[in-house]
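I opened my notebook to look a few things up in this structure. Here are my entries, in the order I made them.

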Amino acid sequence: MTTGNDRAAVVVLDGASKSFGALKALDRVDLSVGPGECLGLVGHNGAGKSTLVNLITGLFAPTEGGVSYPGAADHRAAGIRSISQEGTLCPNLTVLENLQVTQRDLTGWGWRGAAAGRVMAALDAIFPGHRIRAHTLVIDMTLAEQQMVEIAIGFAEGATPARLVVLDEPTSSLDASIAAQLMTHIRRFCAGGGAVIFISHMLGEIFDVATRIVVMRDGRSIADRPAGDFTRQGLVDAMGHVADDDHQPSPAALARALGDKSSHILRTPEGVEARRGEIVGLAGLAGHGQAEALARFYLSRSSDWRGASDPQAVFVAGDRKRDGVMPVWSIRRNLTLAALDRLTRWGLIDHAAEARIGSEWQKRIGIRTPDMGNPILSLSGGNQQKALFARALATQAPVVVMDDPMRGVDIGTKTEVYDMIRHEAANGRTFLWYSTEMDEIRNCDRVFVFRDGAISAELEGVQITEEAILAASFEFGDSAA
Amino acid sequence: MIRLALPVISLVVLICAVFWLQPRAMSYVGLNLLFNLAVPIALATVAQMVIIMVGDIDLSMGAFVSLIACITAAILPGNPALGAVMLLGCIAAYAALGALIEARQLPAIVVTLGMSFVWGGAAVLILPSPGGTAPGWLTAVMKAKPPLVPMAIIASIIIAAVAHLVVMRSAFGVRLRALGGNARAVSRAGRSTIALRAWAYALAGVFAVAAGMALVGLTTSGDANIALRYTLLSIAGVILGGGEFTGGRVSPIGAVIGALTLTLAGSFLSFLRLSPDWQIGAQGAILILVLAARLVVRQAEKRA
């Protein structure tokens with residue numbers, strides 16, 4: 001490993017492995033990332049992407065093999081920065097104060113001015129036209145703005161300039177135009193000699209910016225080629241999951257096509273309607289009132305004062321950390337939470353029934369764990385989300401409300417959950433589904449497109465196309481037809 | 001800024017009520033009497049705020065301030081060197097507690113509850129019965145009579161300003177607040193959370209030592225039980241001042257105002273000629289009232 005190319009590299013992994021107990025998370029990976037490269041890293045959850053990133057960013061030491069930073073003592077001196085999926089901001093600090101957490105040279109008199117200068121310069125360069133101010137508390141900003149700040153901090157000028165920036169799902173909360181600004185910046189950064197490792201479940205983005213793509217599966221790097229050598233289908237195949245494109249309309253949709261005008265079982269103040277067994281999508285650009293509409297509907301159907309043994313609606317959270325998981329509970333307890341009122345006898349929990357539901361749903365939805373008694377945080381993000389889905393589906397509720405639940409989940413998990421949703425809809429459940437991803441919206445029988453907090457279009461069946469949704473999201477001037 | 005509005009309003013309303021009940025309080029001497037005992041409480045509240053800021057809570061604050069008062073009254077006048085070493089040792093002990101809590105991932109509420117008995121025992125060993133004297137310079141500082149504005153007010157402003165500079169403006173304070181906001185982000189940035197928590201506890205220790213010394217400066221003697229109620233007063237003061245129990249969201253200026261409000265609530269009830277039997281309950285009622293107002297404001301803010 002002493003070729004000229006390697007000596008110029010920012011980071012070199014030489015047969016690096018990492019084990020957690022019996023589990024081999026990373027298995028003899030060779031990789032080097034050089035200046036000017038944008039490496040797209042793909043693989044489904046549990047493939048070892050996060051472990052690989054954690055080795056590169058110096059969070060873990062490899063159990064075997066080595067990680068070296070040619071020309072630098074450690075990852076910090078090598079100028080390696082990372083933006084992780086879990087969020088690296090402190091919500092109680094302002095934008096400029098958050099820069100201080102990562103940059104150690106910001107001390108002494110006048111550090112605030114220097115910090116504000118650096119972070120605002122980065123924001124202006126990456127996201128021209130943003131409206132973020134350096135003195136705003138992170139907690140007061142939207143998710144998209146928080147993600148923009150995180151990215152800006154990753155690229156910001158500092159005592160050690162950024163030479164390799166790891167972006168893990170950096171666009172999960174950004175809408176298309178902001179994401180495009182980021183893509184432009186990544187290309188500019190790489191053209192200037194910087195390196196980027198880009199992890200995304202949006203293959204379009206990977207093809208958009210990556211010069212080289214590494215595919216991971218089961219802890220190994222199974223393909224490492226220039227981006228041009230891959231096709232979209234080839235990439236999905238390599239990851240080990242074949243996306244299932246055609247979908248059958250649900251019975252509710254078929255019935256409607258046959259002229260069933262049965263009344264709606266729900267109608268929200270905004271005008272979202274749904275029939276029994278229908279999958280109704282809420283589309284449009286992120287942050288145009290979809291999540292709020294869902295939350296209002298859900299809260300109107302649930303009581304503040306008592307839990308119900310047969311709730312009218314259940315909620316699947318998109319922001320897992322905030323609205324979803326009970327972090328110190330086991331997977332099983334997290335799963336049975338919503339159905340708890342049916343599991344009690346004389347006010348006490350029937351543990352046998354709880355265990356039964358737990359193992360039943362583990363099988364049905366495929367939660368990958370040796371023991372449902374393990375803490376929920378031991379699962380990968382996708383599997384945590386499955387547990388939250390199971391929590392909702394384990395109840396008898398006729399309506400399931402989903403707030404962009406697939407954020408940052410791999411294609412394999414998604415396909416499995418889509419099947420589950422279709423199956424449940426066929427059994428008469430109604431789904432209200434807010435999604436920021438076009439592929440998901442195509443799974444719906446009917447779609448309401450939101451713009452500026454109101455419905456701008458209602459699409460049904462064959463009308464649900466990417467073009468129609470985009471047109472309704474971006475309508476200029478003339479009113480909806 | 002809106003966060004600070006409510007503590008300020010509650011303080012102003014209480015001051016007006018006191019002046020209305022007792023117009024003679026509207027004077028240099030009156031103000032000094034009203035706020036005199038607020039100075040040590042304000043210092044203890046800031047100390048508690050630093051602990052709450054890093055996501056912990058300190059149930060030993062009252063016992064610790066009492067211990068400091070005993071050291072100040074019993075040892076500092078006769079043997080300044082030994083007294084100073086003991087006070088510094090107390091701060092170091094606090095830092096060590098912080099390091100221990102982080103390193104072993106212990107719940108601070110349990111550790112500090114246990115330590116409160118240790119501090120209390122040490123205080124009784126040092127000063128078995130109430131007594132001692134305050135060092136002359138300390139009494140001189142605490143009972144100084146600057147022109148125009150009473151010492152209690154000046155001291156409160158200085159405490160608020162220093163705490164604000166250290167906690168809100170300095171890079172050091174930002175790192176401590178970051179620990180309360182997102183400890184994982186801090187350790188990912190390559191900083192030692194153990195060192196940071198130790199620093200936070202040391203900072204709290206400094207303010208708590210100042211609280212104990214200020215208290216002796218006012219009372220001119222010490223007692224092992226002199227400040228036991230400071231534990232709950234300081235927690236209430238932080239929350240009154242707009243701080244939150246979790247997430248590292250605190251306000252030093254608000255905390256000082258909260259401490260002043262709590263002290264004033266006591267005087268207000270005395271002026272109402274309320275029987276002492278009812279005073280503690282009434283003080284609690286005032287606290288609930290202010291916190292309820294805060295909730296209403298917070299909800300209105302969210303709707304806006």
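Predicted model: local features only at pLDDT ≥ 70, side-chain atom pairs only at ≥ 80, totals over all residues.

**Entry: annotated spans in chain B.** I began with the UniProt record, an unreviewed entry, which lists "transmembrane region" for residues 31–52, 82–101, 108–128, 148–167, 198–220, 226–246, 253–272 and 278–297 of chain B. Residues are numbered from 1 along each chain as its sequence is written, while chains are lettered from A and ligands numbered from 1 in the order in which they are written.

I checked two of these spans. Residues 108–128 of chain B are 90% helix and 0% strand, with end C-alpha atoms 29 Å apart. Residues 253–272 of chain B come out at 95% helix and 0% strand, and there the end C-alpha atoms lie 28 Å apart. For helices (H or I, at least four residues) and strands (E, at least two) I use DSSP runs, numbered from the N terminus.

**Entry: helix H13 of chain B.** How far does this helix reach from its first C-alpha to its last? H13(B), residues 252–271, has 20 residues and reaches 29 Å, close to the 28 Å expected at 1.5 Å a residue. The expected span is 1.5 Å times one less than the number of residues. I call a residue buried if 20 or more other C-beta atoms lie within 10 Å of its own, exposed if 12 or fewer, and partly exposed in between, with C-beta atoms placed from the backbone. In H13(B), 17 of the 20 residues are buried, so the helix is largely enclosed by the rest of the structure. Just after H13(B), Arg273(B) takes a positive phi of about 60°.

**Entry: chain A overall.** I find 17 helices and 19 strands in chain A. Of its 481 residues, 47% are buried.

Entry: I count two residues as in contact if their C-beta atoms, placed from the backbone, lie within 7 Å. The contact takes 15 residues from chain A and 16 residues from chain B. On the side of chain A that touches chain B, helix H3 (residues 95–102) gives the most, with four residues.

**Entry: helix H13 of chain A.** H13(A), residues 351–365, has 15 residues that should span 21 Å at 1.5 Å a residue, and its end C-alpha atoms are 21 Å apart, which agrees. Which of its residues are buried? They are Ile357(A), Gly358(A), Trp361(A), Gln362(A) and Ile365(A). Seen down the axis of H13(A), these fall within an arc of 135° (taken from the directions from the helix axis to the C-beta atoms), so they line one face of the helix. An α-helix has 3.6 residues a turn, so residues three or four places apart point the same way. The buried residues pack against helices H12 (331–336), H14 (381–393) and H15 (411–426) of chain A. Turned away from that buried side are the exposed residues Ala352(A) and Lys363(A).

**Entry: two positive phi values in chain A.** Most residues other than glycine have a negative phi. Glu169(A), not a glycine, has a positive phi of about 50°; this residue is in the loop between strand E6 (164–168) and helix H6 (176–191). Glu169(A) counts as buried, with 21 C-beta neighbours inside 10 Å. Trp346(A) has a positive phi near 55° and is in the loop between strands E14 (344–345) and E15 (348–349). Is Trp346(A) buried or exposed? Trp346(A) is exposed, with 5 other C-beta atoms within 10 Å.

Technical notes: UniProt positions renumbered as here; feature names shortened; annotations may be inferred.
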